[in-house]
Amino acid sequence: MIYVLLVFWVTSAILAIQARKLVRLIVYLAIFSTISAICFFVLGAPDVAMAEVAVSSFSTVFMIVCFEKYFTLVTEVTPDPPKEKIFLMRFRKLVLPIAFTGLLAVLFVYFIPEGAASTYLRDLYLSRFMFEVGGENAVTSIYLGYRVYDTLFEALMLLISVVGVAHMSWRNESEITDEQFAGVTKSDAVDVYTIRIICPAMLIFGVYLILNGHISPGGGFQGGVAVASFFICRYLIHNVYDVRFGKIMIFEKMTFAAIVVLAAVFIFFGFYVQFPQFRTAYMILMNLLIAMKVSFGFIIIFYRYIAFERR
């Protein structure tokens, strides 16, 4: 089954690369993300699959709204290039990805190591994570304990992305207080009522992922995206935006500082060895801080481009 999924995975990637229309590109990227999540789940990584689904849902909604904004602002129609040029463009976009994928497959087959792979590090993590870091989910224990440097770096990259989005925006305002209409068309009442039903469940599910990430698949990143999706749906169904960007950006920076301080005190200074009774509390608190950091970041990016830039 996994080989069939990989074939569709590569096919969707090639279709996304050679797509010339934005509508098709959005659809192909959504299909690619869906197949990616299924592959991650089949390969035994439900945490990664859940994160892929969350990011895919956010990015798809984001691109659809940006697509709607783009075509409401563009009035000039760009003429199509000549047919010969279109054929060459499609040929390059189709042949080059296939050739590159084939080259990678040949290199993988040729350089594949012989014999059984070493499982020393995996066995070491699985045998010691409950006693050294805590919790019952090995993935959470690894990225909050053994690989906490990666977690701090990812949080820093999200902070840099949010700061870049805020500074590249053409509007200088940090707040919108007049509750202007968002401009979202409610052509079908069924969609609005469906979103209103899903919103509470989405928020509860996000809280569940955050608080139970140390004992089950989930964690701060997945829960943070779910919470951010709740606020995005709020924007869609209530048709107003009253988010205070200045305060949210301050909260995001403070949250990142709290993540660094907590990781330094508990992991770097060895408190997880001296006070083993606080290991579970550390993991829950770290997941909560990461969820806040992720939700603040996604809310800022979405509202900055959708709420501010569309005015």
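This is a predicted model: local features need pLDDT of at least 70, side-chain atom pairs count only at pLDDT 80 or more; totals for chains, interfaces and linings use all residues.
The protein has 12 helices and zero strands, where helices are DSSP runs of H or I with at least four residues, strands are runs of E with at least two, and both are numbered from the N terminus. Residues are numbered from 1 along each chain as its sequence is written, and side-chain values use heavy atoms, with hydrogens and water left out.

Let's take the overall packing next. Of the 311 residues, 38% count as buried, meaning under 20% relative accessible area, with exposed being over 50% and partly exposed in between (1.4 Å probe, protein chains only). Contacts, defined as heavy atoms within 4.5 Å, reach across the sequence: among those between residues at least 6 apart, 79% join residues at least 24 apart.

Now step inside. The largest nonpolar core has 36 residues, and Y282, M286 and F302 have the most contacts inside it. Such a core is a set of buried Ala, Val, Leu, Ile, Met, Phe, Trp, Tyr and Cys residues joined through side-chain atoms within 4.5 Å. Two or more residues come from each of α3 (46-73), α7 (148-168), α9 (220-238), α10 (245-268) and α12 (279-308). The largest share, 13 residues, belongs to α12. At least three residues are drawn from each of domain 1 (1-77) and domain 3 (137-311), with bounds that come from an automatic or database domain assignment.

N137 sits in the loop between α5 (120-132) and α6 (138-146), and N137 counts as buried because its relative accessible area is 9%. Its side chain makes a polar contact of 3.0 Å with the side chain of T140 and also reaches the backbone oxygen of S216 at 3.0 Å. Beyond its neighbours within four places in sequence, N137 is in contact with several residues, among them D47, F129, H214 and P217. (A polar contact is a pair of N or O atoms within 3.5 Å; within protein, one must be able to donate a hydrogen and the other to accept it, and residues adjacent in sequence count only if both atoms are side-chain atoms.)

Finally, the cysteines. C39 counts as buried because its relative accessibility is 0%, and C199 is buried at 4%.
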